[in-house]
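User: Please examine the model shown below and answer some questions on its strands and its nonpolar cores.

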Amino acid sequence: MDELDSEIIRLLQTDARQSNRELARGLGIAPSTCLERVRALTRRGVIRGYHADIDPAALNRGVQALVSVQVRPLSRTVIDTFKESANALPEVLSVFVLAGGDDFLLHVAVQDLDHLHAFLLDRLSKRREIAGFRTSVIFQQEHTIAPSRLPDPSPSGEPRTSTN
């Protein structure tokens, strides 16, 4: 990925609704060049889709939480089965498979604290493979809309630093 590809990604992350002509104008390149670059980034799987950023409260999901889950026995079958079942729950926004003390992190969003409590009791605690879970309620969330590409590591494994 070169600097032009990185700039295309940055601009699309900032506003994915802009037309190809607007994008090309912002980059100072021909629309045909821009379109081919965007198509190539899509074919290579760099661009995976375009999404609207929706306020969860507008979808009656005013309470969000992170639920750390430990499952037993640890096996590929148990991990794959739990991952698929958790992903299918309407309250779950994201499922992360982890290394360390916890096996999963679930990002959930529900109507209120009563619904969060019901989710934990009715959906999670009844599952036989769950050895334990901890819940952290999210008060505020911030995220980077347009992360930039980090430098490639040097051959020694250390991050490359500028010599300027």
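**Strand pairing and core packing**

Analyst: In this predicted model, Leu-66 stands opposite Ser-136, a residue of strand 4.

User: Over how many bridges do strand 1 and strand 4 pair?

Analyst: Strand 4 covers residues 130-138. Its pairing with strand 1 is antiparallel. The number of bridges between strand 1 and strand 4 is 8.

User: Which residue is the bridge partner of Val-63 in strand 3?

Analyst: Strand 3 (residues 104-110) also pairs with strand 1 in the antiparallel sense, over 7 bridges. Within strand 3, the partner of Val-63 is Val-110.

User: Which element gives the largest share of the largest nonpolar core?

Analyst: This core has 20 residues, and Val-69, Phe-82, Leu-106, Val-108 and Leu-124 touch the most other members. Two or more residues come from each of strand 1, helix 4, strand 2, strand 3 and helix 5. The largest share, 5 residues, is given by strand 1.

User: How many residues form the second, separate core?

Analyst: Among the members of this second core are Ile-9, Leu-11, Leu-23 and Ala-24. Its number of residues is 11.

Definitions and conventions: Residues are numbered from 1 along each chain as its sequence is written. This is a predicted model: local features need pLDDT of at least 70, side-chain atom pairs count only at pLDDT 80 or more; totals for chains, interfaces and linings use all residues. Side-chain values use heavy atoms; hydrogens and water are left out. Two strands pair if DSSP finds at least two bridges between them. Helices (H or I, at least four residues) and strands (E, at least two) are DSSP runs, numbered from the N terminus. A nonpolar core is a set of buried Ala, Val, Leu, Ile, Met, Phe, Trp, Tyr and Cys residues joined through side-chain atoms within 4.5 Å. Buried means under 20% relative accessible area, exposed over 50%, partly exposed in between (1.4 Å probe, protein chains only).
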